[in-house]
Structure formats: C-alpha cells, structure tokens
Amino acid sequence: MRRLHNRIRPYAWGSREVIARVQGRPVPSEGPEAELWIGAHPDCSSLVDDVPLVDVIASAPGDLLGADALDRFGVRLPYLLKLLAAERALSLQAHPDARQAADGYAAEDAAGVPRGAAHRSYVDANHKPELLVAYTEFEALCGFRPAAESAELLDALGVMALKPVVGALAVGDLREAVRALLSWPAAARADLVDQAVAASGNLPDGPAGGGPRGLVRLLAHDYPSDVGVLVALLLNHVVLAPGQGIWMPAGNLHGYLRGAGVEVMAASDNVLRGGLTPKHVNVPELLRVLRFEPLPDPVRDPEPVAPGVDTWSVPVDDFRLHRIRLDGGEAALDPVGPRTALCLAGSVSVGDNSGAALLGGGEAAFGAADGGKMIFSGAGEVYLASL
C-alpha cells in the first residue's frame, strides 16, 4: 500500500473544525476546509512521494488498475473519495449521466469555452453518480418529494406570486414548477424570498426547528434573495444519523446543508448548479439533465458483510464503499480492482500483498489491483473505496 498526501479544497461553505480535528491539527483552521480529496482527479490529485497519483497511474496503468478496470474505464482511477465537511449549505445541483457528460464536454469544447473557465459547466467527460455516508449527523436535500406535498408547502406560504407554481405542482408538473422558480426575474427575486421568509411561520416545523419552516429561514440566512430557498421545498429533506447514506444517481437535484460525511463518486467534477451558490449557474443545462420524478427513498442503511465491516449497495460499477471499524482486532476484505483506504479515527494498519501502511486520522493509502486480500488491524475507523 502506498501512502498518499491529500489536498483540501477551501470552498467557502466548508467547516473550520471537522477536517482539522480528524487530522489532529489546531481547531479552528485558518480558513474554511470543505473537502479532502483522495484519488487521482487531475484537478486535485493525491500525491505519492510528491508525484501526483494521476501520473503514477499513467506510468503503469496495467499494473495499478488491472486489465478489467482498464477495459471498462480507460487509463484513470474511476472513482474519487472525499471527506466532506459543510458548515453551511452547498449549491442546489445535479450531475449528468455518461452520455450527457460526454456530449456537454464536447459541445463546450466546440464552442470554444476554455477548459478551466469559471463559466464552464462540463470540466470532464464523465458522469458523477455519488454516495455520501454520514460521519456526523448530516442534513441534506436529495431528490424531489411528491409534487402534491410540494404544492401544499408552497400554498401554505400564501404568497400570491407563487400561485402558478402551486398550480403546476398540483397537477404533477415538476418541470414547469422548477423552471418557473429558477427563471424568476432577477429584479423580483429578493422580494419573493422576503415574502416567503415572512410567511414561513405558516409552514410545518420539525424537531429542533428542522422542518420546512427552519429550512426556509436557514437557507435565506445563508443565501438571501436566492430562489433556491423555494426550490428547496420541492426536495426531500433528510437528517442522516452517522452511518446512514444517501444515493444520488444522475439527474437528481440535491444539496447538502450541514455536517460531515464520506463521499465516493465516479471520478468527475461535473456540477450543474441551480442556486444557493455564488458560482456559475446554468439553468437551461440543469433543466435539460434533471429527472423530474420523485425520489421516494434516497436513504441507504449500512449492510453488514463481516464482523465490523459494512457496505452500502448502489447500482453502479464505478465504485464500492466499505467501512471497517475495529476495536483492537482484525478484519479481512478481498476488494475488486484498485483500492483506496481513508482512516478517520484511531490507528489502523492497512495491508495487502504489497505491504502495509499504518494510518491515523485523516491519512490514506492506495493499493494496486493485484494486491489481493486486504488485512486491517488495530483500533479505529477506515473507509475503503474500490470497484
């Protein structure tokens, strides 16, 4: 196993405590720390002895990825592992499927949109289904709730300007409701959101103020004048206990609100945003890729596969995630393809037939596809990504 040095993305919504605490650094950190990336995405590749992992893999793809992964995914690590720590809400967003990503990337190239430009929507040609597993209690918006429920919530606000949106929802037309909100005239957005906040007392409340009433006030505080505050009422609002996961397939609108989690996804950074962000918003493209259908059950509970070892079932072959929790003992796994281990607590030895690495909080290691069975020993918590 090769030890990795991993870099942190300092997005403004990040926590100044979680990643620093996991890594044993002073708290609070100097600035927001949103995501610790562990993988070989070209934008923020992990390092092996100061060499980017993406270059290490490119130098010996057959040995490191294995023939099966090369055949299916080409010369790239097909997944990206992250520790995500949100202090405030992320953007409302969705991700394209594989065909949409390839077409969108090629179309922006053909149109002369510079790669790396802030207004570019497709930064690579890959899809980005993702699974997030809560490390702390984690609050999120994920997929559309039934349209009739959304109609009741918006109608309860009593805002006359929203009547056409309520009408669209009442007949099940999610597409028109979302289009109308995201296309609201810029000059009238602040007034609309202010009216909604003023009327939010009419909405249901939840435990510790976590229901629709609290959601509107929370988002309006973070993003005043953003119609994403109202779009959020169209989405499932969930609070995950540690260990619970949410599965986000392509085309599902979602947004993470508060908390820390381990996220694994296809190795892409394609994000189509609709609101709750200062970054580039591309409403027409977002509307093109969204699936306008309710997502009835986005939550995934952990599934035990061995003593101290859990997984979460998802219907893609780009990645698989396991959690290994040890209390001075040992566990074994036989993962498929290249494998990446991230320790979040304690001290755990992670080894395969190439050797072992002793990992502490926030440390990670990478192993080749031919590494065979993995042995974990010690006391702590490790997440393993593989195919």
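Mentor: By class, the lining of the largest pocket has 16 nonpolar, 8 polar and 13 charged residues. Here Ala, Val, Leu, Ile, Met, Phe, Trp, Tyr, Cys and Pro count as nonpolar, Asp, Glu, Lys and Arg as charged, and the others, Gly among them, as polar. The model is predicted: local features need pLDDT of at least 70, side-chain atom pairs count only at pLDDT 80 or more, and totals for chains, interfaces and linings use all residues. Numbering starts from 1 along each chain as its sequence is written, and side-chain values use heavy atoms, with hydrogens and water left out.

The lining has 37 residues. Tyr11, Asp269, Val271, Arg273 and Lys279 lie nearest the pocket's centre. A pocket is an open set of points on a 1 Å grid over the protein atoms alone, where a 1.4 Å probe fits, with protein on both sides within 12 Å along at least five of seven lines; lining residues have an atom within 4 Å of a point. The volume is about 740 Å³, taken as the space filled by probe spheres set on the points, which are joined across faces, edges and corners.

Strands S3 (35–38), S6 (79–86) and S12 (254–266) each give two or more residues to this lining. S12 gives the largest share, 3 residues. Strands are DSSP runs (E, at least two residues), as are helices (H or I, at least four), numbered from the N terminus.

Two of the central residues also meet each other. The charged end of lysine 279 sits over the ring of tyrosine 11, 4.1 Å from its centre. That label needs NZ of Lys or CZ of Arg within 6 Å of the ring centre and within 35 degrees of the ring normal. Arginine 9 likewise lies over the face of tryptophan 37, at 4.6 Å from the ring centre.

The structure has 3 aromatic pairs. Rings of Phe, Tyr and Trp (its six-membered ring) pair if their centres lie within 6.5 Å; planes under 30 degrees apart are stacked, over 60 edge-to-face, and the rest tilted. Phenylalanine 138 and tyrosine 256 have ring centres 5.4 Å apart and planes at 75°, so this pair is edge-to-face. Phenylalanine 138 is in strand S9 (residues 138–144) and tyrosine 256 in S12, so the pair ties together parts 118 residues apart in sequence. Both residues are buried, meaning under 20% relative accessible area, with exposed over 50% and partly exposed in between (1.4 Å probe, protein chains only).

S9 holds a partner in another pair. The rings of phenylalanine 144 and phenylalanine 292 have centres 5.9 Å apart and planes at 20°, so they are stacked. Phenylalanine 144 lies in S9 and phenylalanine 292 in the loop between helix H12 (283–289) and strand S14 (299–300), so the pair ties together parts 148 residues apart in sequence. Both are buried.

Now the charges. There are 20 salt bridges, each a side-chain nitrogen of Lys or Arg within 4 Å of a carboxyl oxygen of Asp or Glu. One joins aspartate 317 to arginine 72, with the closest N and O atoms 3.1 Å apart. Aspartate 317 lies in the loop between strands S16 (309–311) and S17 (320–333), and arginine 72 in helix H4 (residues 67–73), so the pair ties together parts 245 residues apart in sequence. Aspartate 317 is partly exposed at 39%; arginine 72 is partly exposed at 34%.
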